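Reader: I would like to learn how to read helices and sheets in a model. Can we go feature by feature?

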Amino acid sequence: MSMPLAIECEGVTKHYPHFQLQDVNLSFEQGTVMGLVGPNGAGKSTILRIIMGLIGPDSGRVKVLGHSMPKDQLAAKRNIGFVAEDMRLYESENIAFHMDFIKSIFDSWDDEYAKNLLRRFDLNRNQKVKGLSHGQRVKATLLLALARRPNLLVFDEPTTGLDPAVRKEVLDEMMGSLQDETHSVLFSSHNTLDVEQISDYITFIYGGRIIESRNKEDFMDGWRRLRLTNLSNSLLPNLANIKDVQQSGRLCTLTVNNYEESILEKFASAGLQINNIERLTLEEIFLANVQSAKANSNKETLA
Amino acid sequence: MSISIIPQLVRKDFLMMRKTILIFCLVMLASIAAICLIFGRVPNVVFFNLGITLLIAPAITCAIVLIMKTIVMEKQKSTQLFIMSLPVTVKEFTMSKLLLNLPVFTVFWLAISGVAFYFSFGLGVFPFGTIPFITMIFLGIFVAYVGVLSVALIYQSYGITIITMLFLELGTPAYLWIIAFMEPINSHFYEPHMVWNSTAISIVATQIIAAIAALLITWHIQNKKRDFI
């Protein structure tokens, strides 16, 4: 039996004078982690804010944990923990003040877990927010989101600007929050290493559009880099899944999506000698995707 | 069922602002003490101008500090994103801000109005004929405050809020001077009893309606907002 959906976006659009979010379709099941990857200004934060009900879409439908957003945002937000890179706590107050405030709102607040997180994050509950470093501030915000035990965690660039040690702590805790199969995480990042590390599903976004969304294994299995030697200067087969071609003399490097063994036969029959087949890292897949999206966007502009 | 978190939001803002409110309460008490000290030692007109400045200054300053810290800075310092990630709607956020700011200012406003009326009329500094005009002065202060509060809630911008404050700070005395020169109002200043003629009633009614309208318009605009970050 399939799990109910944690998030379901259908045909979501949002127009700003200098940016448009176009036809966003995004969904993933409860109990899974979805990583949203895109360069700065791609629309990641806008999507997450629409999902949180903080921004109203111009068109389309958004459901979070079965609740329509932004209409049922009160019920939905009772079960969501949201952390954003640009979210700030009250500088004049200490961490304890914020913990008491959140505790007064959520019956689900787990005191023991909060204390545990304070220890693990090496935070002092009596320290004023003003005196916290960036990393400590992110950890404090994360603590406030996690200790209320939400079913869904939404993180907007949670690891931006963190040193590797703090980044690991934050990612470990994000993973630790998925204790049972009903807990889900949606997080955005332009750091593909973080996404590769913890995501079950990955969505690439560029220029306000989702350019690819699949589960991580499919992503990693679907992309290959082929190194070929073009002995007789033959024409490359015209295949839709060739995303990038780099040529240097007789040596030719192709980046291929939706890779299948049968592609190799097509190259061999075209007179190309296959020297090497490499898997791509998520970062390379992301860059290839962005490059391809840019090329398509340029073609559309010219047309 | 979702229970509103307005009480928690108001409590949070109150706890954060309690020292500021306390300080201004103490300043207000010091002002009242100063008024008591100068009473009878300076001419009535000097006493009135000095007294009203001593009373209004801490009340207005406290109100402005509260508006800036609880409404404008909430957006400017990105703490609003933290608050709006909680189970709260724009409507509830607006209500929580009104429920902190309005009562605090109203208490200050009632206190300064009470002290001013006591000294002006209880101790016989002015004839009762000026009661309608003094009422208009204090209602004018309240309307100006509601105007600033509304603009702060709608725009949450330092610039726009400060411009509105300056505009109302300059506009309110000008408007009161205009009223003071209106014959149906000033012709009764020296009478031993107050005269609520149709002009006086219309002005007071307009002031009350303006304050209520500003709040209703603010509420309506806030409810219509689709993007709140």
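**Reading two chains**

Author: Among contacts in chain B between residues at least 6 apart in sequence, 80% join residues at least 24 apart. Keep in mind that this is a predicted model.

Reader: How many helices and strands are there in chain B?

Author: Chain B has eight helices and zero strands. Along the sequence, its pattern reads α-α-α-α-α-α-α-α. Its C-alpha atoms fill a box of roughly 60 × 35 × 35 Å along the principal axes. Of the 229 residues in chain B, 35% are buried.

Reader: What should helix 5 of chain B span at 1.5 Å a residue?

Author: Helix 5 of chain B covers residues 131-155, which is 25 residues, so the span should be 36 Å. The end C-alpha atoms are 36 Å apart, in agreement with that. This helix is mostly covered, with 19 of its 25 residues buried. Just after helix 5 of chain B, Gln156(B) takes a positive phi of about 50 degrees.

Reader: Now the sheet. How do strands pair in general?

Author: Strands of a sheet pair through backbone hydrogen bonds, either parallel or antiparallel. In chain A, six strands form an open sheet with mixed pairing, in the order 6-7-8-3-9-10.

Reader: Which strands of chain A stand at the edges?

Author: Strand 6 and strand 10 (209-215) of chain A do. Each has a single partner strand, so one side of each is left without a neighbour in the sheet. On average, neighbouring strands of this sheet are turned by 10 degrees against each other, direction ignored.

Reader: How do strand 3 and strand 9 of chain A run, parallel or antiparallel?

Author: They run parallel. Four bridges join strand 3 (residues 33-37) of chain A to strand 9 (residues 201-206) of chain A. Met34(A) has Tyr201(A), in strand 9 of chain A, as its bridge partner.

Reader: Where does helix 5 of chain A lie?

Author: Helix 5 of chain A lies across strand 6 and strand 7 of chain A. Its direction is at about 170 degrees to strand 6 of chain A. The helix takes in residues 134-146, 13 residues in total. From first C-alpha to last it reaches 18 Å, close to the 18 Å expected.

Reader: Which residues of helix 5 of chain A are buried, and what covers them?

Author: In general, an α-helix has 3.6 residues a turn, so residues three or four places apart point the same way. Here the buried residues include the run from Val138(A) through Lys139(A) and Ala140(A) to Thr141(A). Leu142(A), Leu143(A), Leu144(A), Ala145(A) and Leu146(A) are buried too. The cover includes strand 6 (80-84), strand 7 (152-156), helix 3 (95-105), helix 4 (111-120) and helix 6 (164-176) of chain A.

How values were computed
Residues are numbered from 1 along each chain as its sequence is written. Chains are lettered from A and ligands numbered from 1 in the order in which they are written. This is a predicted model: local features need pLDDT of at least 70, side-chain atom pairs count only at pLDDT 80 or more; totals for chains, interfaces and linings use all residues. Helices (H or I, at least four residues) and strands (E, at least two) are DSSP runs, numbered from the N terminus. The expected span of a helix is 1.5 Å times one less than its number of residues. A residue is buried if 20 or more other C-beta atoms lie within 10 Å of its own, exposed if 12 or fewer, and partly exposed in between; C-beta atoms are placed from the backbone. Two residues are in contact if their C-beta atoms, placed from the backbone, lie within 7 Å. Two strands pair if DSSP finds at least two bridges between them. Axes are lines fitted to C-alpha atoms, for helices over the stretch in contact, and angles run from 0 to 180 degrees between N-to-C directions.
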